[in-house]
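Work through the exercises below with the structure in view. Each task is followed by a solution in steps.

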Amino acid sequence: MSIRIINCKTEYMVNPLGLDTAVPRLFWQLESERPGTVQAAYRILVGHSREELDREEGTAWDSGITSSGDSAHIGYGGKPLEAEAVYIWKVKVWDGEGRESEWSEPALWTMGLLDRGAWRGKWIGRKAEPGVQLQPPPYLRKSFKLRGGIRRAVAYATALGIYELQVNGHRVGDRFAPGWTDYDKRVQYQTYDITDLLKAGGNAVGVILGDGWYSGTVGFLGKSVYGQRPFFLLQLNIDYEDGSRESIATDGTWRTMRGPIAYSDMIQGEAYDSRLELGDWSTAEYGDEAWDKPDVRAGYNGLIVAMVEPPVRITQTVKPVSVRKTAAGSYIFDMGQNMVGWTEVRASGAWGTRITLSHAEMLSPDGSLYLDNLRKAVQQDHYVMNGEGEERYEPHFTFHGFRYVEVTGFPGVPGLDDVTGKVIHSDTPSAGKLETSDEMVNKLYSNITWGQRGNFLSVPTDCPQRDERLGWTGDAQIFARTASYNMDVSRFFTKYVWDMIDCQQPSGAFTDVAPDAGWIRHKMWNTRLNWFAPDNSGWGDAGVIIPWTLYLMYGDIRVLERHYDAMARWVQYLKQNSDGLIRPDYANYADWLSIGADTPNEVLATAYFAYSAKLLSRIAGVLGKREDERTYDELHAAVADAFRGAFVDGSGRIHGDTQTVYVLALQFGLLTEQLRNKAIDRLVADIRGRGNRLSTGFLGVGYLLPALTDNGHTEVAYDLLTQEEFPSWMYSIKHGATTIWERWDGWTEEKGFQTPSMNSFNHYSLGSVGEWMYRYMAGIEADPASPGFKHAIIRPRPGGRLTWVKASYESIYGTISTEWQMEPNGVFKLQVSIPANTTADVYVPGEAALVNGAEPGISPIPGGKQDGCSLFRLGSGRYVFERIQAGIPHCY
Ligand code: RAM
C-alpha cells in the first residue's frame, strides 16, 4: 500500500497564472489506504521545466528532505522569484514509518508583472456620446503582425470597468473581470496564456468594455461612483524561440468604435441591436479604417495587483419548468429556481423584431411579474433581431436575480427550449455536501447554497435583484462559516478582507459595506435624518471575524499576519468609543430584521466588542504575540464584566430579554457559570413560550442553534430547525421558497408581501443556520488549535425527526465525511472518514464501539467518556461505530 500525492495547489489554486506574491504557498494532499497515515517529511523541487524536474533538479528550490507533517501553506523557500517566469514543482513525502511516496504529478504557477514599470501601456477608452445617459460599451481593437517561432505569449489585462477580451475572434477569460475593488485604491489584473491563439502573420486583440462597478450604477449609490467612463489596460508579451521579445500594449494606436450594445449596466439591464453587429471585429482581417482613435487616460494612481478573487463564471444552466401566455400576449417562463445571472433567448424572426426579457423573483397575485421589490433596478434586456436565421442572445455586463422571465415580442410561440437560464457567480468550487432523511431540511440546505451562488459575485452581496447588491459586512460575517462549508471561499474572502481594509476609516472603524462605494458619504448626508452611526456592531466586526474564519477553516495564518494591525485598530477604536467599556447605542441596524423582539443597540454593540477583543486575543496567540494575547484577553474579560454590570440583573435577565441577547452572551463568553445557566433557561423558556419559534435577526440567528446545542438543548435546536409555522425557515419553504428570504415575513399568509422597499427573496444571512447543520447536525467541526482540519472534531448530534444525516467536506487535506443513522430499534450507527495526514477526535453518543473500520478493535480512549459520549482519537481511515448500549438518544 503506497502513499499517493494528489491535488497539488499553489495559493489555493490549480496551476495559477500571474501571481505577484514573493512567497507563494504550496498545498498537496495524501492518499493512502493505510489507516493512520501521517506525513513525516517532504521534499519539494521547483524548477523551470518538466525535464529539469525529471532529472530531480530544482534550480529554483530544492527543499531537501524536510522533517515536517505540514502539507498545506508551505511557503516557497527558494531563489527570489522572477517576474513572468514559469515555475514547475513537484513533491514527495515520507510517512511515519519512513515509507516514501512517488513524486507527485508536476504542478505549476507563473509569476505576473511585479513592478509598475512593466506596464508599458496606457489606459484607453472611448469618448462619451454627448447627452446619452447610459453609454454604449466601447469596442477596442488592435491588429499587429508577428514573426514565426512564438514560444510563449501572455496577456496581462485589467480595466477600470469590466471587460470581455477576444484574441483573433476567440473569447478569452471569464465574466466581470477584473472584479470589484475600491478602484481608487487598487485594481486586480488577470493573466492569460494566449500562446495557442496567436500565429505568425496578422493577429488582433479586441475588447468590449463595460461600465461595471466603476462607472455604471452601483446599487442605490448611483452612477459613476469611481469614474465617468471605463478604461482598459493590456500588456501582451510575446517571447520567441530565439529569445527575443515583442510587446503589444494599449495606447493611442488602438482603434475604437461603438457596437451593437446600446447600454449594459449592472442595475439597468442591457439593450442590444444585432443589426449593428460589427462582424469579425477582433480578427486581423477586419478593416477598422472607420474606427476612431481611443481616448487615453492620464494615468492611474491606485495599485495594480494580481487577481486574488476567483473568476466570475457561468457555472450551470437552468431550463424553465413551465411557460404560460399572458392576456397581453407575452410569455412568462418559470425557471423553477430563484437564480442569478441572465437568460439566453433563441428565436427566428424578421429583421427589426424587438424581444424584451424581463426578470422577477416572484409573481403578483394576478400572475404578473412582481417588480415592486426591485426598487430602481431594471431587470430587463432588449434584443433587436437581424432576421438572419436562428439568433441567440445573452447580455454582457449585467445580471439579474429572478425565477420568472417574461418574454415580450417573441416572434411566434416560444417553447421551453427557447429560453435558458445562465447561473453566474464567483467560481468558488463546491466543498460541502449534505443530505438528510428529511426532505424539508434538504430543501433548506439547497436554498442556502442557492443563496450563496446568487450573492457571491466578486464580493459577498446582500441581494442580487434590487438596486442594492452591496458587500454588507454584517451579512458576510454571519454567513462566512456556512459559506466556507458549502464552497471553497478561501480566495474569495481573502480578497474581501482586502476590500474591508481598503475602506477602513482613519478612526479604525470598519465599514458597513465593502467596498465602500460612497456609502459612508451617503450615510453622513443622512445624518440630518438622525441615521448616522460611525460603525455598526456586527458589521464592522466582520474585519476580525472573517480573517479568523479563514484561519479556522483553511489554517491561513498569512491573512492574520497581514491584517493584524488593522484588526487591532478596530478593537482599539471600539475601546475608545465606549464609556466604561459599554458601547453607545447608535449602531442602528441592531439585530437586523429580527421578528417580534428588539435587542437594544448598546447590548449588541458591547457583546460584539467583547467578541472582537476575544478573537483578537486568539489571533495574537496564533501569531505568537503573547503580550497582546493577554492584553486582549483581559480586555474581553473586562468588557464581559462591564456587560454584566450594566445589562444583567440578579435574576439573570439580560437587558432586552430577547433570544439574541442570551445567545450572544452565551456564545461570546460574557457570563459567569451561574448566569450561564440562567441565560440558557431564559432562552429556552422564550423559545418554548413562543411555541418553539425564533425571534432572532441577522446577528443572533447564526448563534442560536449552536448556543442551544452547546448548552444541552439539541432538541430545542431541532424544534426550531423543523418548525413550519411562522416565523421559521420552513415557513418560507412551505410557501415555495427556493432561496433564503431577506426577512422572516417576506411573504405571509395574512399580509402577503412585506413592504416592497426592502424585501429581497434571495438574501443569505438567515441561511447562516447552514453552519449548525455541518458543525453540529453532521458533526464536522474545526479545531482552532490545529486549524484547516489538520485535526477535526467529529461530533454529530442526532435529534429531532431526522433518522439519518450524510455530509462531507473537502478540507485542504482531503474529504472528511460523516454519516449517521438512528435505526428504529434504537441502534445508532456512525460512519466517519478522515483524510490522510490528519487526525480526529470522534465523539459517539453513549457507550459505543468501533464495529468496522480501519483498525477493528480500536476502543474509546481510556477515560475518554465526555458529556455522555465515547471519545475515540483517530488517524486517517474509514470507521464505523455503533452505540452498544441503547437508550441514550443524544450526545450533549
Ligand atoms: C439592508 C440589507 C443588508 C443589511 C443592511 C443593514 O439594506 O438587508 O442585508 O446588512 O440593510
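**Exercise 1.** State how many residues of domain 1 are in contact with domain 4.

Solution. Contact means heavy atoms within 4.5 Å. By this rule, eight residues of domain 1 touch seven residues of domain 4. The model is predicted: local features need pLDDT of at least 70, side-chain atom pairs count only at pLDDT 80 or more, and totals for chains, interfaces and linings use all residues. Residues are numbered from 1 along each chain as its sequence is written, and side-chain values use heavy atoms, with hydrogens and water left out.

**Exercise 2.** Locate the two domains and describe the area buried between them.

Solution. Step one: an automatic or database domain assignment sets the bounds, among them 4-110 for domain 1 and 432-778 for domain 4. Step two: their C-alpha centres are 38 Å apart. Step three: buried area is the accessible area (1.4 Å probe) that two parts lose on being put together, summed over both. Domain 1 and domain 4 bury about 670 Å², with 40% of it on carbon and sulfur atoms. Step four: on the domain 1 side, Tyr12, Arg25 and His73 lose the most area to domain 4, together 69% of what that side buries.

**Exercise 3.** Find how many salt bridges cross the interface of domain 1 and domain 4.

Solution. The rule asks for a side-chain nitrogen of Lys or Arg within 4 Å of a carboxyl oxygen of Asp or Glu. Separately, one can look up Arg558 and Glu11, whose side chains form a salt bridge at 3.5 Å, N to O.
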